[in-house]
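Biologist: Let us go through the structure below by question and answer.

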Amino acid sequence: MTIATLIRAGLIVILGLFITACSGLPPSAEMPPASELEAEPYEIGLGDTVSVHVWRNPELGQSIVVRPDGFISLPLMGDVKAEGKKPEDLASEISDTLGEFIRTPEVTVMVTSPLSKEFRNRIRITGQVASPQSVAFQPGMTVLDVVLMAGGVTDFAADSRAVLHRQINGEYQSFGLDLEAILTDGDMRTNHNLQPGDVISVPRKQLFRGEL
């Protein structure tokens with residue numbers, strides 16, 4: 001091996017170490033910590049569809065969308081504020097008011113379409129994929145699931161440098177993903193389980209990194 005070859009090999013190693021150090025990301029095989037956010041009781045929001053059922057009085061029941069002003073309209077009651085209330089609290093309020101018209105009403109309120117919370121429970125993938133996506137989160141969803149839903153990576157994807165962004169304690173933190181290992185070698189060490197709000201970004205190949 002010539003001196004020139006050794007120097008060239010040494011420069012490649014140094015450049016690789018420099019690039020890795022500059023990335024500032026945890027090792028790609030490190031499992032991103034789960035968000036510390038705790039599940040909160042559901043509060044009705046604008047655009048939600050709520051179903052109001054009054055036992056033995058079906059004519060008083062409604063399936064209705066919460067208006068932009070936060071109200072719904074019900075028989076005998078007129079406009080009722082729904083936004084910001086838990087379904088059980090709204091049911092109790094409706095029951096108290098209907099008690100002025102019918103004897104011992106039993107009211108149930110269910111949110112049948114939680115549109116107001118839809119975008120909080122989505123996974124997004126951007127960058128060098130065939131079709132960037134914003135998809136509804138499903139329990140058990142993994143990195144590979146979302147990549148496949150996006151049609152896979154493009155020919156220009158630096159798939160070994162993909163990044164998972166996760167909001168933890170109110171701030172996004174980034175973790176390396178090796179999509180090349182997942183898709184080409186079947187190496188699932190970075191095929192992490194996802195959670196609502198996660199964002200996967202797939203960067204483009206760069207000449208100075210020797211990727212083109």
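Biologist: Is T104 buried or exposed?
Modeller: In this predicted model, T104 is found in the loop between α2 (87-98) and β5 (107-113). A residue counts as exposed over 50% relative accessible area. Because T104 has a relative accessibility of 67%, this residue counts as exposed.

Biologist: What is the phi of T104?
Modeller: Most residues other than glycine have a negative phi. T104 is not a glycine, yet its phi is positive, at about 40 degrees.

Biologist: In which loop is N169 placed, and what is its phi?
Modeller: N169 is in the loop between β8 (162-168) and β9 (171-177). N169 is exposed, with a relative accessible area of 60%. Although N169 is a residue other than glycine, its phi is positive, near 55 degrees.

Biologist: Which strands are at the edges of the open sheet of 3 strands?
Modeller: The order in this sheet is β2-β1-β5, with antiparallel pairing. An edge strand pairs on one side only, and this holds for β2 (62-65) and β5.

Biologist: Over how many bridges do β1 and β5 pair, and what angle does the direction of α2 make with that of β5?
Modeller: T49 stands opposite S113 in β5. Strand β1 (residues 49-54) and β5 pair in the antiparallel sense over 6 bridges. On this sheet packs α2, touching β1 and β5, and its direction makes with that of β5 an angle of about 140 degrees.

Biologist: Which strands stand at the edges of the open sheet of 5 strands?
Modeller: This sheet has mixed pairing and the order β7-β6-β10-β8-β9. Each edge strand has a single partner strand, so one side of each is left without a neighbour in the sheet; these strands are β7 (133-136) and β9. From one strand to the next, the twist averages 20 degrees. The edges are thus held by β7 and β9.

Biologist: What is the bridge partner of I125 in β7?
Modeller: Strand β6 (residues 122-127) pairs with β7 in the antiparallel sense, over 4 bridges. In β7, the residue that bridges to I125 is Q133.

Conventions:
Residues numbered from 1 in each chain as written. Predicted model: local features only at pLDDT ≥ 70, side-chain atom pairs only at ≥ 80, totals over all residues. Heavy atoms only, no water. Helix = DSSP H or I, 4+ residues; strand = E, 2+ residues; numbered from the N terminus. Buried < 20%, exposed > 50% of the residue type's maximum accessible area, 1.4 Å probe, protein only. Pairing = 2+ DSSP bridges. Contact = heavy atoms within 4.5 Å. Axes fitted to C-alpha atoms, helices over the stretch in contact; angles between N-to-C directions.
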